[in-house]
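The following paragraphs lead the reader through a predicted model. Please consult the sequence and the structure while reading.

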Amino acid sequence: MTVHVRPPDNPAGEFDRATQWNHDSRHASTETIRQAPQRLHDAVQDLTGPQLNTKYRNWTVRQIVHHLADSHMHCYIRFKWTLTEDRPVIKAYDESKWSDLVEARTGDIEPSLQLLAGLHRRWVQLIEMMTDEDFSRTFVHPEFDQTMSLADAMPYYAWHCRHHTGQILWLREHHNW
């Protein structure tokens, strides 16, 4: 008899908004972002089609991989807008609708893995060249009507990497893959 276990909300832990932005937290976030593509690649290594189509709550493993590429493209562009414009209003997108598109539901994950690897290399290169003043620059997120600094955004996206890879790792452990 198979016992259904509800996956945890945050297998990598809750995002801690109270994290102090300093040299150590900047370094830790940068390293997480640097290592994220390889960790995701390792997490999906050798998964079969049925395993990629296994849901973690609302999304399949396949959709999670595509979501990370989509989301982090947005974040990279948000960083660039914020560094080149005065307090830009960023473009929000409906991640659920994006994840429900046929390519996200059925497409090969390899292009998203490759995209994420190249994107993160570019993003880390940008991050490593940013000054403290750059990190204090802000954008407006219209979905939440919130002003956010790049220093606030970066730890969130580092957590986002751990969060979604953690979902896949939870499935692997739970199903003994």
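Beyond its neighbours within four places in sequence, Lys-80 is in contact with Arg-122 and Leu-126. Ala-104, by comparison, lies 24 residues from Lys-80 along the chain, and the C-alpha atoms of the two are separated by 25 Å.

The largest nonpolar core comprises 20 residues, and Ile-33, Phe-79, Trp-123, Ile-127 and Phe-135 have the most contacts inside it. At least two residues of this core are supplied by each of H3, helix H6 (110–129) and helix H8 (150–175). The largest share, 6 residues, comes from H8. When residues up to four places away in sequence are not counted, Phe-79 touches Trp-123, Leu-126, Ile-127, Met-130, Phe-135, Leu-150, Ala-153 and Met-154. There is also a second, separate core, which has 18 residues, among them Leu-40, Val-44, Ile-109 and Leu-171.

The strands remain to be described. Strand E3 (residues 138–141) and strand E4 (residues 146–149) run antiparallel and are joined by 4 bridges. Within this pairing, Thr-138 stands opposite Ser-149 of E4. The two strands, E3 and E4, form a hairpin with 4 residues between them. In the turn, Asp-145 has a positive phi of about 45°.

How values were computed. Residues are numbered from 1 along each chain as its sequence is written. This is a predicted model: local features need pLDDT of at least 70, side-chain atom pairs count only at pLDDT 80 or more; totals for chains, interfaces and linings use all residues. Side-chain values use heavy atoms; hydrogens and water are left out. Contact means heavy atoms within 4.5 Å. A nonpolar core is a set of buried Ala, Val, Leu, Ile, Met, Phe, Trp, Tyr and Cys residues joined through side-chain atoms within 4.5 Å. Buried means under 20% relative accessible area, exposed over 50%, partly exposed in between (1.4 Å probe, protein chains only). Two strands pair if DSSP finds at least two bridges between them.
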